[in-house]
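Here's a quick tour of a protein model for you. Take a look at the sequence and the picture, then read on.

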Amino acid sequence: MSTPAWFSASLGRKTQESPPPTAPECLFLSDSWSVALPKLAYGLFCFYGGLLFFVFGGRYESCSILDKFPRRSRIHLYFLALNFWLWDKPHYRSGTHQGDMLKNLRNVAVPGTGVPLHLFVYSRILAIFFLLVVYPILAVIGAVHRFRTEVPNQASLQMREKVGWLVGLFLEHLLAPEDWFTYWRMNSCLASYHSLLSGAEGYRFENKWDFLRDGAALGIPVSPFLDIDDIVVKDRNEEGGLGIYFFKNALNGGEWIIQKRLHNADSIKKILPRDAPLSTFRVMTCSSWSAKQGSDAASTKASDCVRAMSCVFRAGRAGASTDHSSILFDVDIKKGRMGRGTTNDHWYKLGLRNALQCPWLSFHDQTGVDDVIVAGRPLPGCQEMLKLCTESHYQLLKDVPLVGWDVAVCGPPDEGQWLLEVNLSCNFFRGSFDKEAYFDLLDEYLKVLDPLKHLYKASKKLS
């Protein structure tokens, strides 16, 4: 089916009266009723048509109604639909794909709703209801919020311009969303999909002990662990056998990794409140190695197939025990300099009371944490950190497309940069990254995996 000329001609076009420099970018912006309303109808048709095409087994490259849309729209809809195919398939860490969603979405809610998203993945019927009904409603609400908070000079806009903005922002939420949650779910879905069809060994390093043990054996600076059998922890006042706990070391077949506590280096302490916890960096790296295997372009060097995508400093708040309570400062990986900070706390507000007090959006508008200025400061050792992560990605798990590294910069007695763990269903923590390169990577993997998916389905029918 061909795309109407009026749609493709106006895709990504600015209005004739260009918006102010502070206006948000919008891929689907229109400047007249005659374009905005047909575009809305056609966009809805393509959303439902594309989603159902993929849900019912359509191939990644074969949905012709999406040909004139940005490539990211095809990728977005394909991943939404892919959840249904992966639903009861084995997952590398959680039994099934559905089981992994149930665990990881139980503390996440769309801002302002208070409803944990895992409720919608208890069954396929609830999940399809969410995508076909709830998601478009949320896209409407999101468009209105963005219009009210981001579009300047609203009072001076004509009605046709307001409608153009609202329709454009709605279609962007629906077909090319920019929120961190969408990127996280695409990354997680790719990990589930790729691990199932490729059998890549690298996914076992989601297990923290496997990562530490094998990393240490390769000479990678993973966080130090204690070489002892087990430990006993006692309450200093309890008697009669109470208040005593035994922990068997994973080094000797137990369930516990026993480590010394690490402390922030002085260079990190300077940009934190006095009583801040160990505050880490999330470095995202990507590898095209697995997608290129079997082709003439298959790479053998780390620099050819693994690269750093983003870096975020999680500046822990005063009195917090971990940096899960933090401000997320984007790091310019080319300049090695701290940018402004933001949070994603509003996505973790559950219950009606929290929902009523929860903002819909957050912005990179924070310059510091608890009165300590962070934005604009240089990050010593930034390039060394990125190199450590890319080389470790290649050494340990080059067969995994996306890896999120938790890196600590520590002071004495354990001075240096340490890799704490890897996250393979990872998120960017609101960090900036080259989106074109990111979608290049996803597109490359989906083109490789889609035929394998159909071979997998055929093999299951024969078995």
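How many bridges join β11 to strand β12? There are 7 of them, and the two strands run antiparallel. This is a predicted model, in which local features need pLDDT of at least 70 and side-chain atom pairs count only at pLDDT 80 or more, while totals for chains, interfaces and linings use all residues. Residues are numbered from 1 along each chain as its sequence is written, and side-chain values use heavy atoms, with hydrogens and water left out.

**The whole protein**

- You'll find 14 helices and 12 strands here; helices (H or I, at least four residues) and strands (E, at least two) are DSSP runs, numbered from the N terminus.
- The radius of gyration is 24 Å, close to the 23 Å that the globule rule gives for 463 residues, so the protein is as compact as a globular protein of that length. That radius is taken over C-alpha atoms, and the rule is 2.2 Å times the number of residues to the power 0.38.
- Along its principal axes, the C-alpha trace spans about 75 × 60 × 50 Å.
- Buried residues make up 53% of the 463 residues. Buried means under 20% relative accessible area, exposed over 50%, and partly exposed in between (1.4 Å probe, protein chains only).
- Of the contacts (heavy atoms within 4.5 Å) with a separation of 6 or more, 68% are between residues 24 or more positions apart.

- Strand β12 (residues 416-423) forms a hairpin with β11, with 5 residues between them. Within this pairing, W405 stands opposite V422.
- β11 also pairs with strand β5 (residues 281-287): 6 bridges join these two, and they run antiparallel. T285, for example, has V403 as its bridge partner.
- Strands count as paired if DSSP finds at least two bridges between them.

**Helix α13**

- Helix α13 (residues 382-397) has 16 residues and reaches 22 Å from its first C-alpha to its last, close to the 22 Å expected. The expected span is 1.5 Å times one less than the number of residues.
- Its buried residues include C382, M385, L386 and C389.

**Aromatic rings**

- The structure holds 31 aromatic pairs. Rings of Phe, Tyr and Trp (its six-membered ring) pair if their centres lie within 6.5 Å; planes under 30 degrees apart count as stacked, over 60 as edge-to-face and the rest as tilted.
- F120 and F130 have ring centres 4.8 Å apart and planes at 50°, so this pair is tilted. F120 lies in the loop between α4 and α5 and F130 in helix α5, so the pair ties together parts that are 10 residues apart in sequence. Both F120 and F130 are buried.
- F181 and W184 make an edge-to-face pair, with 5.8 Å centre to centre and 75° between the planes. Being 3 residues apart in helix α7, F181 and W184 are separated by about one helical turn, and both are buried.
- One aromatic cluster is formed by F53, F54, Y60, Y78, W85, Y193 and Y456.

**Charges over rings**

- K89 lies over the face of W85, at 4.5 Å from the ring centre.
- K398 lies over the face of W289, at 5.2 Å from the ring centre.
- For this, NZ of Lys or CZ of Arg must be within 6 Å of the ring centre and within 35 degrees of the ring normal.
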